[in-house]
Amino acid sequence: MPGKSPLPALMAHAKRLHRRGWRQLVWLTGEPGECRDQALKLWQGACWQAPLWVAHQADNTPVEPWITPRKARTRLGAEHQLVVMDASGSAGFDPEALGALAGTLTAGGLLVLITPYPWGERPDPDYARFADHPWQWEQLTAHYLARLARLLDERTDIVTWHAPWRPQLPRLSARLAHQESVNDSACATPDQATTVTQLVNLKRRRPLVITADRGRGKSAALGIACARLLENGTSSIVVTAPRLSAVESLFARLEALCPEGARITPSRFQLANKSELCFLPPDVLTEQVAAKKLGGDGSYLMVDEAAAIPASLLAQWLTAFPRIAFATTIDGYEGSGRGFALRFRDVLARLTPQWKALTLTTPIRWAGGDPLEATVNRLLLLKAPLPVSDQCDQASASYTLERAELAQDETALEAMFGLLVQSHYRTSPSDLRQLLDGPGTSLRLIGQSSAPQAVLVAREEGGFTPELAEQVALGVRRPQGHLMAQSLAAHMGSRAALTARWRRVVRIATHPERRREGLGQQLIAEDSREAADQGVALYGATFGAEASLLRFWLAQGFQPVRLGITREAATGEFAVMVARALNAEGESVLSSLTSSFSASLPGLLAFELTTLPPDVVAVLLRALPSMPLTAEECQTINDVAHGHRDPVLARAALQALARETSRLQDISAATAHQQLAAWAFQNRPLAAAHGDSVRALRQVVELLASQYILFPHRSEE
């Protein structure tokens with residue numbers, strides 16, 4: 001009932017939580033002003049440790065400190081006992097903020113989520129982030145918010161508070177058994193101590209792979225181990241992660257354990273003896289490894305949040321650094337450790353068969369059985385499991401699934417999201433909202449909705465007016481969304497790419513046990529046919545330029561139309577766009593795009609893309625127009641292979657040879673072709689010494705020339 005203050009009962013409840021080492025969600029719902037008043041009384045009713053208010057600045061936030069939801073990631077590594085998230089005002093609900101801030105709450109803490117009542121009947125202002133042109137956020141569906149409201153209403157392990165009425169306090173179960181003591185004073189749990197010991201004693205070519213749920217102290221373990229390595233004489237340690245904020249707890253432990261040292265820049269810590277730890281983002285690290293400025297004997301690399309980094313880059317680093325550790329969150333907004341393990345295990349087994357796996361299971365900031373962790377996992381589907389493999393539907397046709405239906409079927413939604421998480425190196429809580437409410441988004445499955453075997457998520461793009469397309473191409477306007485169509489207009493100057501209608505593949509995932517059965521190919525073929533029937537002109541995709549992925553898309557009849565000229569900071573990869581025409585309009589647009597791409601590729605490889613991996617270059621050369629070698633080119637190639645012709649003065653002919661042999665199917669010549677392509681287009685020597693490089697190049701040219709002459713009809717047209 002209203003009237004009597006709810007604070008004494010709520011404070012007593014928080015004390016009970018603290019005795020158990022738990023945290024809990026408080027769902028405070030009602031008229032926004034009344035809810036803020038009640039939250040403020042709670043804020044002022046006790047001496048909370050580092051309380052934090054999260055709201056939009058326009059909502060007359062009544063306290064300090066406060067941050068906007070967009071700044072939630074900056075609190076990673078911090079500790080709070082009270083967090084108030086105001087999702088009732090002009091900010092709306094930010095799934096990323098909930099995921100990030102839940103992990104900062106300490107034992108006995110409350111996370112107060114303020115929402116309007118009723119919640120979920122309409123979208124909120126945070127939907128503006130994915131309201132693609134010409135949609136306004138008010139026009140979108142609110143399936144995601146309605147699901148959250150339904151789940152919160154059903155949960156019995158949260159505090160439900162309908163202002164101004166008194167909160168409904170749940171009964172708490174008995175706390176779990178007390179955890180065992182730790183012998184290492186710097187570590188909080190026995191498994192963290194074990195992990196630190198393994199990190200300090202890293203062996204050559206025996207990488208360590210550490211996985212954990214959030215809040216288990218993996219980043220802190222890295223920091224403790226780095227402190228001990230530096231103090232024991234290691235001169236340099238390199239650390240990488242998708243972003244610097246992901247390793248703040250690593251730096252915090254380093255500073256605490258090495259007070260004589262100093263963090264001389266945000267990304268660099270140095271001891272008095274000049275031993276240092278340096279953070280490098282994945283793109284910079286990859287560039288320096290490729291230039292042989294990092295790696296080699298005695299070098300250490302610690303990779304945090306490895307699941308958010310493509311496996312191809314991890315493999316490059318694995319080769320370069322003899323002592324290396326990979327740590328990743330199993331479930332969370334940084335990436336999927338489960339998908340990481342599936343993709344990376346084969347690489348580890350091939351390159352470093354003596355690798356070792358460790359798992360941190362004991363939470364540090366809270367105790368096992370924590371109600372908040374269970375609630376957030378369910379709301380954000382952070383632990384969505386991989387669906388079962390069904391080998392009985394080999395001939396099943398794909399079908400589209402209505403999102404309104406999916407939002408009401410929690411079993412199907414969890415299965416689909418679990419499959420997407422397993423197959424993509426980066427999946428965030430916001431992706432679930434985009435899946436359910438993003439405009440122009442469609443879902444296609446193979447298998448039962450409760451156990452999908454493959455899924456494709458696509459989005460509609462383009463269809464702009466000629467006037468708006470002109471403004472985009474000139475850089476005057478950049479409407480929201482339409483990633484691929486706008487990029488081709490802004491960077492390639494193609495107005496027609498923006499006026500035409502597109503369907504772009506956002507995600508495609510196949511069950512790990514059903515791969516290599518053609519399910520992905522089937523999804524693309526059937527979805528593109530449907531798009532063609534609906535008058536869509538072009539079908540496309542964009543992804544990190546990795547050779548096997550490129551080969552997959554080119555095998556489906558797609559052609560490259562754009563290549564990014566800088567590595568993505570978080571992934572360290574260059575982005576590539578591919579497309580296929582679905583009608584006459586699409587053919588015209590695609591012809592223009594591929595011509596521009598072919599004309600620009602050699603120049604980009606010589607300047608901006610000199611570090612593009614050779615296996616990717618080799619695949620992309622197939623996009624260049626095929627022209628049989630002339631007699632003069634053949635003579636020049638022969639002079640290089642069998643005479644003393646300087647290869648530098650024969651580069652044009654050798655580029656032509658690399659272009660034409662890119663279509664050969666002989667796998668034995670693949671390495672030779674990559675070497676020739678890298679030398680001819682990117683000026684990469686085949687050996688450190690000039691003489692050795694030239695001799696190796698002549699052998700490569702001789703091999704490929706014989707392949708071209710002997711097997712001309714084995715080329716792909």
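A charge is said to sit over a ring if NZ of Lys or CZ of Arg is within 6 Å of the ring centre and within 35 degrees of the ring normal. With that in hand, look at Arg-263, whose charged end sits over the ring of Phe-251, 4.0 Å from its centre. Another case is Arg-651, with its charged end over the ring of Trp-679, 4.3 Å from the centre.

A word on the source: this is a predicted model, in which local features need pLDDT of at least 70 and side-chain atom pairs count only at pLDDT 80 or more, while totals for chains, interfaces and linings use all residues. Residues are numbered from 1 along each chain as its sequence is written, and side-chain values use heavy atoms, with hydrogens and water left out.

Phe-251 comes up again at Pro-266, which touches Leu-244 and Phe-251, leaving aside residues up to four places away in sequence (contact means heavy atoms within 4.5 Å). Pro-266 lies in the loop between strand E9 (262-265) and strand E10 (268-270); helices (H or I, at least four residues) and strands (E, at least two) are DSSP runs, numbered from the N terminus. Is Pro-266 buried or exposed? Its relative accessibility is 55%, so it counts as exposed (buried is under 20% relative accessible area, exposed over 50%, partly exposed in between, with a 1.4 Å probe and protein chains only).

Strand E19 (residues 538-544) is another story: six of its seven residues are buried, so the rest of the structure largely encloses it. E19 pairs with strand E18 (residues 501-510) in the parallel sense over four bridges, where pairing requires at least two bridges found by DSSP. Trp-502 has Leu-538 in E19 as its bridge partner. Seven bridges join E19 to strand E21 (residues 575-581), and these two run antiparallel; here Gly-540 is partnered by Ala-579 in E21.

Now to the aromatic rings, where eight pairs are found. Rings of Phe, Tyr and Trp (its six-membered ring) pair if their centres lie within 6.5 Å; planes under 30 degrees apart are stacked, over 60 edge-to-face and the rest tilted. Phe-93 and Trp-119 form an edge-to-face pair, 5.7 Å centre to centre with 75° between the planes. Phe-93 counts as buried at 1% relative accessibility, and Trp-119 is buried too, at 9%. Finally, ring pairs link Tyr-539, Phe-543, Phe-552, Trp-553 and Phe-558 into a cluster.
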